[in-house]
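Colleague: Please show me the chain and let me ask about the terms used for it.

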Amino acid sequence: MTDDREVRRVRALFLSDVHLGMKPIRVGQLIDFLRGHDAETIYLVGDIIDGWRLAKGWHWPSEYNVLIDLLLQKATAGARIIYLPGNHDEFLREYLGTYFGEVQFVDRTVHTSATGKTYLVIHGDQFDVVVMNAKWLAHVGDWAYNAALRLNLAVNWVRRRLGLQYWSLSAWAKQKVKNAVSVIGRFEEALVHEAKQSGVDGVICGHIHLADMHDRLGIQYINTGDWVESCTAVVENHDGQFELIRWTEMVAGEPRRMRAKRSAV
């Protein structure tokens with residue numbers, strides 16, 4: 001338990017884009033989130049480890065080991081853990097179809113909800129035209145994203161001292177820049193099309209670091225977001241309903257007394 005509340009137990013938990021190895025990420029918040037949630041099945045929907053960053057410079061603080069140990073403890077306690085590698089941890093695709101301890105590695109899978117609905121679960125980079133056809137450009141985009149994160153550190157240092165909440169430059173750009181909005185729309189369309197071709201009721205993915213849940217394209221589209229900035233995850237409750245959790249906002253809404261207890265754990 002993380003505080004005086006009971007651990008929340010859900011049927012399934014989906015998270016992606018943690019990017020272990022990238023310096024400005026929210027590992028502490030993710031550890032806090034996982035300590036407060038147990039699930040029968042945990043889907044790690046890609047880019048949990050950032051092999052691109054680690055290849056350029058090794059960065060593996062002790063906090064990362066705490067996260068890995070926590071996940072393995074959940075597996076030992078009976079949780080089923082399914083790891084679907086993405087483009088940043090594509091080196092793990094060599095192990096598709098195998099197990100590492102209690103963790104299963106697959107490229108894609110189908111999740112069946114408590115209500116019997118089926119969902120294609122996949123990272124999503126397989127349908128990113130840039131990643132598939134111009135990998136060098138994807139690396140340029142990765143560099144630009146990291147540059148934006150570094151700039152964001154300075155911006156949010158000032159905002160904290162003004163008593164303001166975290167603000168994301170990259171998320172703002174994704175929402176406001178016309179080309180970015182168009183790319184996101186095409187990504188969603190491609191994933192929904194693949195789901196329809198697979199004969200399922202929805203799709204659950206990651207990759208674009210933009211958490212969302214809608215059925216505007218005919219079937220349910222769910223994106224888990226990321227733990228670089230937004231601190232988002234998706235859970236399926238025992239009644240079969242899906243919920244998008246924005247952890248930073250949830251913790252910010254807690255009473256000060258409860259937040260102090262959480263930070264002391």
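This is a predicted model: local features need pLDDT of at least 70, side-chain atom pairs count only at pLDDT 80 or more; totals for chains, interfaces and linings use all residues.

Colleague: What is the span of helix α3, and what is expected?

Modeller: Helix α3 covers residues 62–76, 15 residues, and reaches 21 Å from its first C-alpha to its last. The expected span is 1.5 Å times one less than the number of residues. The value is close to the expected 21 Å.

Colleague: Which residues of α3 are called buried?

Modeller: Buried means under 20% relative accessible area, exposed over 50%, partly exposed in between (1.4 Å probe, protein chains only). In α3, Tyr 64, Leu 67, Leu 70, Leu 71, Lys 74 and Ala 75 are buried.

Colleague: Why are they said to line one face of the helix?

Modeller: The arc is taken from the directions from the helix axis to the C-beta atoms. Down the axis of α3, the buried residues fall within an arc of 140°, so they line one face. On the other side, Ser 62, Gln 73 and Thr 76 are exposed.

Colleague: What do the buried residues of α3 pack against?

Modeller: They pack against α1 (27–35), β2 (37–44) and β3 (80–83).

Colleague: How many of the 265 residues of the protein chain count as buried, as a percentage?

Modeller: By that cut-off, 49% do.

Definitions and conventions: Residues are numbered from 1 along each chain as its sequence is written. Side-chain values use heavy atoms; hydrogens and water are left out. Helices (H or I, at least four residues) and strands (E, at least two) are DSSP runs, numbered from the N terminus. Contact means heavy atoms within 4.5 Å.
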